[in-house]
Amino acid sequence: MTISLVGGARGRQFAKTGKSENIFEVTSPSGKKFWPTANRCWSRNPDGFEALNRERRIWWGPNGDRAPRLKMFLSEAEDGILPTTLWAEAELFGLNQDGIREIRALGLPDFPTPKPKRLVQKVFEIGSSPGDLILDSFAGSGTTGAVAHKMGRRWIMVELGEHCHTHIIPRLKKVIDGEDKGGITDAVRWRGGGGFRYYHLAPSLLEKDKWGNWVINKTYNPAMLAQAVCKLEGFTYAPSDTIYWRHGHSTERDFIYVTTANLSHGQLQQLSDEVGGERSLLVVCSAFRGRKEGYANLTVKKIPKAVLSRCEWGKDDYSLKVENLPKAPPKPGQQRLEFEPTGHSRESGNPVG
Ligand SMILES: C[S@@+](CC[C@H](N)C(=O)[O-])C[C@H]1O[C@@H](n2cnc3c(N)ncnc32)[C@H](O)[C@@H]1O
């Protein structure tokens, strides 16, 4: 029932005169007297206040002895109701113990700080709509993704610990298979469905040697290197079984060859002859001898330079263009779960970092 007396036309008038017709004493049904708090006045003048009180539109608390509040009816609220800032009702939002129980019910190992799903659900109801993207870059036990999934939101979770394998993946699989019966499942009538993709971030492709030169990270094998360079150079990785220099293509006639070799003039000339006049080849190698301009159908680049020119260092914003994520190919027997492990260390597949 109060409004600010600082700023605006009302504030300026009050600052000038020190008076406001909206500052007056009111008496609650129990006889308790109230004044507006500092720097505020009632939102009505005495007549307006009295009229509201007569219409029983003022709430004085359950015992009629609290500061007045204006009653609002649901039918009068234009865009729903503003959420309150303090959520103390454990019965509405749950406790951490509920989160622990939910994880145990799924047969997963204990996690120290899982949030109750109802709390997360409330946050998503307030701040998102179905189809929105929800990011939890500290995914932990995966509660965020589980709730987002059941509520029809899309989600991205990032986790550097082992929880990804001990909690998040098994948990989300259960959600998708409709086996997770706990949490908000009944409230949102969740029956299963959808899918997700999983990427294992590879280490940096380049590292500095002891002389401070950029060299290819030793953990990369030739296939991973070829795939990573294809991605950076905008080629589709599609290694040929028969032609050693065809690692990928950008068009039907434009190919890429990635090698850690130091190519001599003779080797480049041989490549150029094999490629022929109808096709072109981007050669990305560790080093080469001779003039790279000497071959009409070859473009020759050195790997660290080619990679460095596309790596982004020291930026504040490394925005991930999620709409450009490569499509996961459907796998037999996995219609619903689009689970695509990629990475170089744990799973076979391709690095994405
Ligand atoms: C408090 S837990 C998250 C709880 C989780 N959001 C939930 O609702 O259950 C924090 C998690 O962040 C992970 N983490 C910490 N630093 C990280 C980083 N730089 N990148 C990714 N995950 C990180 C930790 O391994 C831990 O699992």
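Let me start with a question: is Tyr244 buried, partly exposed or exposed? Tyr244 counts as partly exposed, because its relative accessibility is 42%. For the cut-offs, buried means under 20% relative accessible area, exposed means over 50%, and partly exposed is in between, with a 1.4 Å probe and protein chains only.

Quick housekeeping before we go on. This is a predicted model, so local features need pLDDT of at least 70 and side-chain atom pairs count only at pLDDT 80 or more, while totals for chains, interfaces and linings use all residues. Residues are numbered from 1 along each chain as its sequence is written, and side-chain values use heavy atoms, with hydrogens and water left out.

A pair here means rings of Phe, Tyr and Trp (for Trp, its six-membered ring) with centres within 6.5 Å; planes under 30 degrees apart are stacked, over 60 edge-to-face, and the rest tilted. One of them is Phe24 with Phe49, edge-to-face, 5.8 Å centre to centre and 90 degrees between the planes. That pair links distant parts of the chain, 25 residues apart: Phe24 sits in the loop between helix 1 (8-17) and strand 2 (26-27), and Phe49 in helix 2 (residues 46-54). Helices (H or I, at least four residues) and strands (E, at least two) are DSSP runs, by the way, numbered from the N terminus. Phe24 and Phe49 are both buried.

Back to our tyrosine, then. Tyr244 pairs with Tyr257, edge-to-face again, with 5.6 Å between centres and 90 degrees between the planes. This pair also links distant parts of the chain, 13 residues apart, with Tyr244 in the loop between strand 11 (236-237) and strand 12 (248-249) and Tyr257 in strand 13 (residues 254-263). Tyr257 counts as buried because its relative accessible area is 11%. And there's a cluster too: ring pairs link Phe24, Phe34, Trp42, Phe49 and Trp60.

Now the ligand. Which residues come nearest to the ligand? Out of 15 around it, the nearest are Lys115, Asp136, Phe138, Ser141 and Glu159; to be in that set, a residue needs a heavy atom within 4 Å. By class, the shell has six nonpolar, six polar and three charged residues. Ala, Val, Leu, Ile, Met, Phe, Trp, Tyr, Cys and Pro count as nonpolar there, Asp, Glu, Lys and Arg as charged, and the others, Gly among them, as polar.

If you like distances, Glu159 has a polar side-chain atom 2.6 Å from a ligand oxygen atom, and Ser141 has one at 2.9 Å from a ligand oxygen atom. For Leu160, a backbone N or O atom lies 3.3 Å from a nitrogen atom of the ligand. On its own the ligand has 610 Å² of accessible area, and the protein covers 69% of that, going by Shrake-Rupley with a 1.4 Å probe.

On to the packing. The largest nonpolar core has 20 residues, and those with the most contacts inside it are Phe124, Val147, Trp155, Met157, Leu172 and Phe196. A core here is a set of buried Ala, Val, Leu, Ile, Met, Phe, Trp, Tyr and Cys residues joined through side-chain atoms within 4.5 Å. Helix 5 (117-127), helix 6 (143-150), strand 8 (154-157) and helix 7 (163-176) each supply at least two of its residues. Helix 7 gives the most, with six. A second, separate core has 19 residues, including Leu225, Cys230, Ala306 and Val307.

Why is Asp180 buried? Because its relative accessible area is 2%. Its side chain makes a polar contact with the side chain of Lys117 at 2.9 Å, and another with that of Lys150, also 2.9 Å. A polar contact is a pair of N or O atoms within 3.5 Å; within protein, one must be able to donate a hydrogen and the other to accept it, and residues adjacent in sequence count only if both atoms are side-chain atoms.

Last stop, backbone angles. Most residues other than glycine have a negative phi. Arg56 is not a glycine, yet it has a positive phi of about 60 degrees. Arg56 lies in the loop between helix 2 and strand 5 (58-59), and it counts as exposed because its relative accessible area is 64%. Arg189 has a positive phi too, near 50 degrees. Arg189 lies in the loop between helix 7 and strand 9 and is exposed, with a relative accessible area of 67%.
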